[in-house]
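Please look through the structure shown here.

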Amino acid sequence: MKLLINNQVFELKNNESSIEIVLKKIDEITKKENMAVSHLVIDHVEVYDNYENYISAHINSIENINAVTKPVKELIMDIFLSAEDYLKRALPELKELISEFYQRPSNESWERFNEFLGGLEWIQNFITLVDNSSYHPMNWNKYLIAISTVHEELRNLEDAITNNDSTLLADIMQYEIYPQLDILKQEIGITIDHEGKRHVN
């Protein structure tokens with residue numbers, strides 16, 4: 001099989017030991033050229049995560065692996081756009097959820113609360129990803145302050161859940177978590193407008 005990355009071609013055998021070589025080569029070249037992998041195109045199939053699993057499952061038949069790279073900043077800007085889009089949708093929904101918890105949460109409220117926690121985890125992963133990258137926006141410190149406050153409040157949320165205290169849960173979301181997510185949304189907007197660009201439809 002052939003690995004193509006940034007105009008370089010590597011011939012490899014179709015066996016399990018080649019998987020580590022593929023991942024290592026991609027890592028080496030992207031770091032050297034300050035690029036990041038957007039996704040892999042493996043025999044015309046776009047693979048966005050779990051590269052190792054996909055390659056392993058198709059190791060005998062793979063002919064070409066094409067690593068699609070972008071400059072680190074460009075890839076991170078795409079993530080900022082996704083994060084802003086997510087927060088624009090999530091914050092009004094969170095307002096509704098908070099009022100449901102102040103009244104009496106239904107099973108559906110709890111399901112939506114779990115979805116909200118999943119979204120928070122995505123936001124935390126996004127912050128960690130950017131923090132570990134070679135590019136940080138100028139207002140990065142404000143992101144870190146907001147997300148660390150959210151992280152602290154998650155422990156308090158756990159206590160409220162353990163004590164089955166839906167009013168406390170609503171208070172924490174309303175007065176602690178919501179304002180920090182709103183700050184994040186504003187800071188993301190500032191980053192995109194000053195350091196990136198918005199996609200015009």
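## Basis

This is a predicted model. Residue numbers start from 1 along the chain as its sequence is written.

Strand β1 covers residues 2–5, and strand β2 covers residues 8–11. The two pair in the antiparallel sense, over four bridges. Leu3 stands opposite Phe10 of β2.

Two residues separate the strands of this hairpin. Asn6 lies in the loop between β1 and β2. Its phi is near 45°, a positive value in a residue other than glycine.

## Leu40 in strand β3

Leu40 belongs to strand β3. How large is the relative accessible area of Leu40? The value is 0%. Leu40 therefore counts as buried, since the cut-off is under 20%.

Contacts of Leu40 beyond four places in sequence are with Ile26, Val45, Glu46, Val47, Tyr51, Ile55, Ile65, Asn66 and Ala67. Ile5 is 35 residues from Leu40 along the chain. The C-alpha atoms of Leu40 and Ile5 are separated by 9.7 Å.

## Helix α4

Helix α4 runs over residues 107–131, a stretch of 25 residues.

The buried residues of α4 are Ser109, Arg112, Phe113, Phe116, Gly119, Leu120, Ile123, Gln124, Phe126, Ile127 and Val130. An α-helix has 3.6 residues a turn, so residues three or four places apart point the same way. Which helices do the buried residues of α4 pack against? The partners are α3 (72–103), α5 (140–162) and α6 (166–195).

## The cavity

How many cavities of 30 Å³ or more does the structure hold? There is one. About 40 Å³ of space lies in the largest cavity. The elements that give two or more residues to its lining are α3 and α4.

The lining of the largest cavity is made of Tyr86, Leu87, Ala90, Leu91, Leu94, Phe116, Leu120, Ile123 and Leu181. Phe116, Leu120 and Ile123 are also among the buried residues of α4. The largest share of the lining, five residues, comes from α3. By class, the lining of the largest cavity has nine nonpolar residues, no polar and no charged.

## The largest pocket

The largest pocket has a volume of about 340 Å³. It is lined by 15 residues. Closest to its centre are Met35, Ala36, Val72, Leu129 and Ser133.

Which elements supply at least two residues of the lining of the largest pocket? They are α1 (17–32), β3 (35–42) and α3. With four residues, α3 gives the most. The lining of the largest pocket divides into eight nonpolar, five polar and two charged residues.

Ser166 sits in helix α6. Is Ser166 buried or exposed? Its relative accessibility is 19%, so Ser166 counts as buried under the 20% cut-off. Neighbours within four places in sequence aside, Ser166 is in contact with Phe101 and Pro105.

Asn164 lies in the loop between α5 and α6. Its phi is positive, about 55°, although Asn164 is not a glycine. Asn164 has a relative accessible area of 64%. That places Asn164 over the 50% cut-off, so Asn164 is exposed.

## Arg89 in helix α3

Arg89 is found in helix α3. Its relative accessibility is 48%.

How far apart are the C-alpha atoms of Arg89 and Asn164? They are separated by 27 Å. Along the chain, Arg89 and Asn164 are 75 residues apart.

Key:
This is a predicted model: local features need pLDDT of at least 70, side-chain atom pairs count only at pLDDT 80 or more; totals for chains, interfaces and linings use all residues. Side-chain values use heavy atoms; hydrogens and water are left out. The expected span of a helix is 1.5 Å times one less than its number of residues. Buried means under 20% relative accessible area, exposed over 50%, partly exposed in between (1.4 Å probe, protein chains only). Contact means heavy atoms within 4.5 Å. On a 1 Å grid over the protein atoms alone, a cavity is a set of points where a 1.4 Å probe fits but cannot get out, and a pocket is an open set with protein on both sides within 12 Å along at least five of seven lines; lining residues have an atom within 4 Å of a point. Grid points are joined across faces, edges and corners, and a volume is the space filled by probe spheres set on the points. Ala, Val, Leu, Ile, Met, Phe, Trp, Tyr, Cys and Pro count as nonpolar, Asp, Glu, Lys and Arg as charged, and the others, Gly among them, as polar. Two strands pair if DSSP finds at least two bridges between them.
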